[in-house]
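Please go through the model with the notes below.

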Number of protein chains: 2
Amino acid sequence: VAGSRRGAGGELVGDLLDRARNGDRHAVARLITLVENDSPLLREIATGLMAFAGRAHVVGLTGSPGVGKSTSTSALVSVLRSRGRRVGVLAIDPTSPFSGGALLGDRIRMQEHATDDGVFVRSMATRGHLGGLAAAVPQGVRILDAAGCDVVLVETVGVGQSEVDVVRQADTTVVLLAPGLGDGIQAAKAGILEIADVFVVNKADRDGADQVTRDLRHLRGLGGGDATGWQVPILKTIATRREGFTEVAESIDQHLRWLRTGGEFERRRRDRSAAEIEALALDTIRRRFSDVRGSAGLAELAAEVADGKSDPFTAADRLLAANPQE
Amino acid sequence: VAGSRRGAGGELVGDLLDRARNGDRHAVARLITLVENDSPLLREIATGLMAFAGRAHVVGLTGSPGVGKSTSTSALVSVLRSRGRRVGVLAIDPTSPFSGGALLGDRIRMQEHATDDGVFVRSMATRGHLGGLAAAVPQGVRILDAAGCDVVLVETVGVGQSEVDVVRQADTTVVLLAPGLGDGIQAAKAGILEIADVFVVNKADRDGADQVTRDLRHLRGLGGGDATGWQVPILKTIATRREGFTEVAESIDQHLRWLRTGGEFERRRRDRSAAEIEALALDTIRRRFSDVRGSAGLAELAAEVADGKSDPFTAADRLLAANPQE
């Protein structure tokens, strides 16, 4: 056994992968932690996962704070479980230093599934990395996939371009909305139409739910005839009462069937792989570049800019010329 | 006059800069728009600004949604104006496709200063750019600086590492908190101590304000004796009644005087320039790299990863090898 394969905890990656494939929750959790912490073993984990991943249906769930995302996820998990599916939930925590603790309560709410061997729930935080979410989330998905999950739900707060990018990488993207969240739909116009495969209007018993539904129908109509042939359904749910999630599960299944019939499935998976490769390559470039931080050259250039003797663009050019990326 | 110096609107950068220096609001707004939109004229603008910038006191204001940031900013502007200062406000809009419209209301609230020639208010959105905020904000600050602002307030929602980085680039950073925002302080522990030069507890008339103040004092104590000799003040305000902002303005002034006495002022400005140069260099690298997106090589590598024939790390290495960054 090569010493280089030993992790900080002394485990072997191969052993962890074997155990994870047998549904060992501890091994799954440990692997995700290694990915999250950008472990030196990451590449070995990624390589080892390739043979066992690609089977699960990856479903992204996103929506603004306050739409009832965690309660909805939990209700959807229950329906999927009643249909015999093994389910993984990967909850992406925002990296804000100001709101970092907010999702803890959400995780606690998911505890109704804590004793169910067919459900894996993990939150994942990625701090400050340039390629962060885009590079780490696919590995987290593959781990849950390799552990035998039929469906992997990737849950994100709909805040920030990088999170939208993550959700966009799913096979099927569910966008949650709710009435009473102000100008949500107006604000969301720009990005929401492109990324949603299924719309869910939660809190459907509240005033304004019909208006949200009408707005969505209008927005959907603005998109014109859908050339790809998928009509994005608009479903109503009441997550606190578990109402409507059978329909959500069915729409998700229908979308997967549609993906598989037209070649769209392969196209999306290739797009997803391309995005992942780009993120990793960009991360490599960033790491190379970060080697030059704090070098004598940078300090001198910074002093020139601070003193008004040079402009920052010229200084950046000179920094790059002095520190070639090859 | 060289044709290359003409912008989309036909203006000359030199002419815009001259007018901005004379306090022409239209020219200031136009320049900031050019910076925000990553205009081809950006480099020329940056170069032209160097001779006229570096004079203003740059003050970062940040805090979670709900702390009363815009009302506080407006109240602080009033105090600074009453002391004869010219004030620029650069409000950094988050780039979320889901909450993009939220700051519009804030801008409207700042309209009390709309008819004051000594106040410039501009919001700035930067979407999707890797070096985005870090590269664009310093130019926005320089424009307001060159336009004769004595103080430039950079206001950000305290969400996301990139925004914290922006605020960290200020001469003086004011962190706003308020009671009743849940686990704000707990959550903020990680990042808040390092970046605050002044703490403001807004909504000081509400239940829990004393607790927030006590928590902050405790956190400040945990930081140990401050080697740099600046004791971060903890001030109470009620922004809706304009109470407490004379003290905030005085603390900001005191901090500037402290910066200037110990050499810390130069050190921070050089750090800021270094961060800006790095962001621009990284952006250049990213642009070079983005040239390879969608190339035949990437599509083939993505197909291999999607089909499980290669892992994404190896694919990224091969992409970089095939597309050298020099």
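1. Contact here means heavy atoms within 4.5 Å. On that basis, residues 24 or more positions apart account for 75% of the contacts in chain A with a separation of 6 or more.

2. This is a predicted model: local features need pLDDT of at least 70, side-chain atom pairs count only at pLDDT 80 or more, and totals for chains, interfaces and linings use all residues. Residues are numbered from 1 along each chain as its sequence is written, chains are lettered from A and ligands numbered from 1 in the order in which they are written, and side-chain values use heavy atoms, with hydrogens and water left out.

3. Chain A has 13 helices and seven strands. These are DSSP runs, numbered from the N terminus (helices: H or I, at least four residues; strands: E, at least two). Of its 326 residues, 55% count as buried. Buried means under 20% relative accessible area, exposed over 50%, and partly exposed in between (1.4 Å probe, protein chains only).

4. Look at helix H3 (residues 42-49) of chain A. Its buried residues are Leu42(A), Ile45(A), Ala46(A) and Leu49(A). They fall within an arc of 100 degrees seen down the axis, so they line one face of H3(A). The arc is taken from the directions from the helix axis to the C-beta atoms.

5. Gly54(A) sits in the loop between H3 and strand E1 (57-63) of chain A. Its relative accessibility is 42%, so Gly54(A) counts as partly exposed. Beyond neighbours within four places in sequence, Gly54(A) contacts Asp145(A) and Arg269(A).

6. Strand E1 (residues 57-63) of chain B is mostly covered, with seven of its seven residues buried. In a regular strand, side chains alternate between the two faces of the sheet. His57(B), Val59(B), Leu61(B) and Gly63(B) point one way; Val58(B), Gly60(B) and Thr62(B) point the other.

7. What joins E1(B) to strand E5 (residues 172-177) of chain B? Four bridges do, and the two strands run parallel. Pairing requires at least two DSSP bridges. Leu61(B) stands opposite Val174(B) in E5(B).

8. Helices H4 (residues 69-82) and H10 (residues 245-262) of chain B pack at about 75 degrees, with axes 9 Å apart. H4(B) and H10(B) are therefore roughly perpendicular. The contact residues divide into eight nonpolar, two polar and no charged.

Terms used
Axes fitted to C-alpha atoms, helices over the stretch in contact; angles between N-to-C directions. Parallel < 35°, antiparallel > 145°, perpendicular 65-115°, else oblique. Nonpolar A, V, L, I, M, F, W, Y, C, P; charged D, E, K, R; others polar.
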